[in-house]
Amino acid sequence: MSSLQANTGIKSRERKRLLIGLLFISPWIFGFLVFQLYPIIMSLYYSFTEYNLFNAPEWVGLSNYMEMTKDAKMYQSLYNTIFITIFGFFPQLIYALGIALLLNQSVKGLSIYRTIYFLPTLVPAVASSLLWMWLLNAQYGLINQALGAIGLPEPNWLLDANWTKPSLIFMGFWGTGTTTIMYLAALQEVPKMYYEAASIDGASRWRKFWHITLPAISPMTFFLIIMGLIGSFQYFSQGYVFADSSGQAIGGPSNSILFYAIYLFQNAFVFLKMGYASAMAWLLFVVVLILTLVVFRSSGKWVFYGGDK
Amino acid sequence: MDQRSLGKRIAPHLILILFGLMFLAPFAWLLLTTFKSEEEIFVIPVQWFPSELIWDNYLNAVSMIPFVQYTMNTVIIALLSVAGVVVISPLVAYGFSRIDFKGRNVLFIFMLSTLMLPMQVTMIPLYVMFNNLGMLDSYWPLVLSAWFGTGIAYNVFMIRQFFNGIPYELTESARIDGASEFRIYSQIVLPLAKPALLTIGLFTFLNAWSDFQGPLIYLNNQDSWTLSIGLKQFIRENSVAWGPLMAAATLFTVPIILMYFFVQKKFIEGISITGMK
């Protein structure tokens, strides 16, 4: 048998493997082409057009993007979104880590506690938003009644523009169970011998946390920040329900809970400004990409991947 | 010394119990509200316990709005979503796990990176597409998005992790015996993957059940509404029917909580591996 034949034999086997492989993953390829690539291209195209669904898209060049730079509501929605990312997402991340650290003290009844902290995340966003609107009801809500009982002021949570975002942030703390569970899983992977060695050296609890625990779970923190930032910039359901269900226009009092994704949705499906909404989607995409890139870039300094376990 | 270690052991419990009570209080308030009469719901100062258990709120919850219809719609969308996902995802995962074809790893990383794509970018063209296909107000935009949309990457990732844990000898020996890839997949690998399929099925169900933005976009006709967009009907211009609304929210949530208690381990595993919910 000549080497040429053997060669073509290998090649044809390789080709066959490629074919079978592609056949198996073909549902994903189909999904990618139809549900991602095609929409991405069309969305980019729409962003340069005026399009109201009923007439064909009309090319308007960069005018949607120019309009965005002058759109006060767009800036407001961006501000609101950054606000809940900084004062909601990051504090909630730290809080989830705190609870996970407590759960990791190998306390008795771990599974009961874990269930308690996890249950709220199972409640559908709409149901939990409605429940919190009831808890935060200015007159009859449990929270104001409790605040009043100890002599604290009773804010009009849902109707006072200063309190709507804090309301959503409080509710967010209730739903941090998923993050807690993920941190707990990461904490349980930290090798015990690190702590034992540190104890022998007389390290304090705080030093152990700072020099062993935090670096060891940094890959999880990294993952949670990336996914959390992406999610936070798409914050939608809770803000939408809060405004809609308290009898207000989209965006709530003084547009205080008009988040970026909500304003985008409003442009697309209420005002039927599909072109403008597409341009907003692309700005969102670029912002998310840049943020992700920044976190990736910085990760060399603070994310540590342990070698062997 | 003894006292200190006792304190050390109790302190985490105290904090966990305190926060735990704060986490449970909204649930308690929700449930207690649903059994109160209108007068007891709107009373100052608050009254924690109803003087007698009243079921009216539940009766009103299912009769004031087409609750049964919405539940049916929600269940059908969720079940169709699950049915497709548990067929499609393991196929793709097998390709990425067991067939060593050229460019596989690059494609796999690429697939995972699509998870970063905000849904707002694809939302409008997909709406236009489903509109042109005449599928608005039907189950299909939501179901097909569950099958083929961005979520497929999560499910494939999850099952691939599982497949990678199945010993290679098992599939290699079948291959040497001349079994076709599809035969190996369907008769050896797939039956072993039941736990992983259960996990992704569960999460798919949960996501479809709770989804708000999808139904809001695609379902305009009230007959096609799901529970998550139907609940707003308890909210009227000037008044909110809090009793029935809380009862409906409870009915909407209970199936998921029950599922959690039946398959708690699957939930925790799934979250620990992929961070999805």
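The largest nonpolar core holds 147 residues, and A:Leu130, B:Val156 and B:Ala249 touch the most other members. Such a core joins buried Ala, Val, Leu, Ile, Met, Phe, Trp, Tyr and Cys residues through C-beta atoms within 7 Å; buried means 20 or more other C-beta atoms within 10 Å of a residue's own, with C-beta atoms placed from the backbone. Helix H4 (residues 67-98) of chain B supplies the largest share of this core, 12 residues. This is a predicted model: local features need pLDDT of at least 70, side-chain atom pairs count only at pLDDT 80 or more, and totals for chains, interfaces and linings use all residues. Residues are numbered from 1 along each chain as its sequence is written, and chains are lettered from A in the order in which they are written.

**Contacts between chains**
- The contact (C-beta atoms within 7 Å) takes 72 residues from chain A and 69 from chain B.
- On the side of chain B that touches chain A, helix H1 (residues 2-34) of chain B gives the most, 12 residues.
- Leaving aside neighbours within four places in sequence, B:Val156 contacts A:Trp28, B:Ser89, B:Val92, B:Ala93, B:Phe96 and B:Met111.

**Helices**
- Helices are DSSP runs (H or I, at least four residues).
- Residues 12-32 of chain B are 100% helix, with end C-alpha atoms 29 Å apart.
- Residues 241-263 of chain B are 91% helix, with end C-alpha atoms 34 Å apart.
- H3(A) has a kink of about 30 degrees centred on A:Thr85; the bend is the angle between axes fitted to the seven residues ending there and the seven starting there.

Key:
A residue is buried if 20 or more other C-beta atoms lie within 10 Å of its own, exposed if 12 or fewer, and partly exposed in between; C-beta atoms are placed from the backbone. Helices (H or I, at least four residues) and strands (E, at least two) are DSSP runs, numbered from the N terminus. Two residues are in contact if their C-beta atoms, placed from the backbone, lie within 7 Å.
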